[in-house]
Amino acid sequence: MRKKKTIDDNVAIQVDHVSKSFKVYFDRANTLKERLLFWNRNRHEDRLVLKDISVKIYQGETVALIGVNGSGKSTLLKLMTQIIYPEKGTIQTKGKLVSLLELGAGFHPDFSGRENIYFNASIFGLSKEEIDERLENIIDWSELREFIDNPVRTYSSGMYMRLAFSIAINVDADILLIDEILAVGDQHFQDKCYAKMQELKAQGKTMVFVTHGMQIAKKYCDRAIWLYQGHLKMDDTTEKVVDEYLKLCS
């Protein structure tokens, strides 16, 4: 195992020689009966998703992760938030981190939006007293006051995103990791979210987000990291990386 490097003072996230693979099963036996009768069904292969990735995200940067579907972008984001762990290499972060990786993650469908604010914000480390103080701001920013006491299973995907994003920006995080859930909302709320991200950037927050919107990456990000088939293809200014990416895709 590689010796963990000391993270520099100006670095928010340090990814050091990280590799990650997943088992992909073919015709998997799910029940005990199937396992006994078809004992040879659990054939699988180890599919390498990320190979020897090393990047540093500096404090106050807004970084886009780009690449075609299956290139490893979301996997890298999940590794950064420590939902999953690498087989090789290390990931270190500095500061309070929140993530928006999947719609409704951390929400209980049978409880109201208001109750889920308490559940979700507590996962991010806020006390009940702190949530009490921020509750009205969270509800107002989400624009869901009319629905806040309804079960979240009745919410649309856009409403899920509104509530999740509103909670995330109200927990005073140093690092915000966002998968492409912002594409779900309507144009008004997307614009509101991106304006908030600009505000957080001005406050010196660090943000990393997965996007397929190249114009969005150019507009909001200082830097872009391009993953290709699990490898680090390019890491440079957003303009340079996006232009090279679009050349390959054209």
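**Salt bridges, sheet and cores of a predicted model**

Arg-114, with a relative accessibility of 25%, counts as partly exposed. The structure is a predicted model, in which local features need pLDDT of at least 70 and side-chain atom pairs count only at pLDDT 80 or more, while totals for chains, interfaces and linings use all residues. Residues are numbered from 1 along each chain as its sequence is written, and side-chain values use heavy atoms, with hydrogens and water left out.

A salt bridge is a side-chain nitrogen of Lys or Arg within 4 Å of a carboxyl oxygen of Asp or Glu. Helices (H or I, at least four residues) and strands (E, at least two) are DSSP runs, numbered from the N terminus. Across the whole structure, 19 salt bridges are found. One of them joins Arg-114 to Asp-149, with 2.8 Å between the closest N and O atoms. Arg-114 belongs to helix H3 (residues 113-123), and Asp-149 to the loop between helix H4 (128-142) and helix H5 (157-168), so this pair ties together parts that are 35 residues apart in sequence. Asp-149 is partly exposed, at 49% relative accessibility.

A second salt bridge stays within a single helix. The side chains of Glu-199 and Lys-196 meet at 3.0 Å, N to O; both residues lie in helix H6 (residues 187-202), 3 residues apart, which is about one turn of the helix. Glu-199 counts as partly exposed at 39% relative accessibility, whereas Lys-196 counts as buried at 15%.

In the pair Arg-223 and Asp-235, the closest N and O atoms are 2.8 Å apart. This pair links distant parts of the chain, with Arg-223 in strand E8 (residues 223-228) and Asp-235 in strand E9 (residues 231-237), 12 residues apart. Arg-223 is buried, at 9% relative accessibility, and Asp-235 is partly exposed, at 30%.

Two strands pair if DSSP finds at least two bridges between them. Axes are lines fitted to C-alpha atoms, for helices over the stretch in contact, and angles run from 0 to 180 degrees between N-to-C directions. Contact, or touching, means heavy atoms within 4.5 Å. The open sheet is formed by 6 strands in the order E5-E6-E7-E3-E8-E9, with mixed pairing. Strand E5 (97-100) and E9 stand at the edges with a single partner strand each, so one side of each is left without a neighbour in the sheet. Direction ignored, neighbouring strands are turned by 15 degrees against each other on average. Helix H2 (residues 73-80) packs on this sheet and touches E3, E5, strand E6 (175-178), E7 and E8; the direction of H2 makes about 145 degrees with that of E7. H5 also packs on the sheet, where it touches E5 and E6, and its direction makes about 170 degrees with that of E5.

The nonpolar interior remains. A nonpolar core is a set of buried Ala, Val, Leu, Ile, Met, Phe, Trp, Tyr and Cys residues joined through side-chain atoms within 4.5 Å. The largest such core has 49 residues, of which Ile-117, Leu-163, Phe-165, Ile-167 and Ile-178 touch the most other members. H5 gives the most to this core, with 8 residues. Another core, of 24 residues, lies apart from it and includes Val-15, Leu-50, Leu-77 and Val-208.

Note on methods:
Buried means under 20% relative accessible area, exposed over 50%, partly exposed in between (1.4 Å probe, protein chains only).
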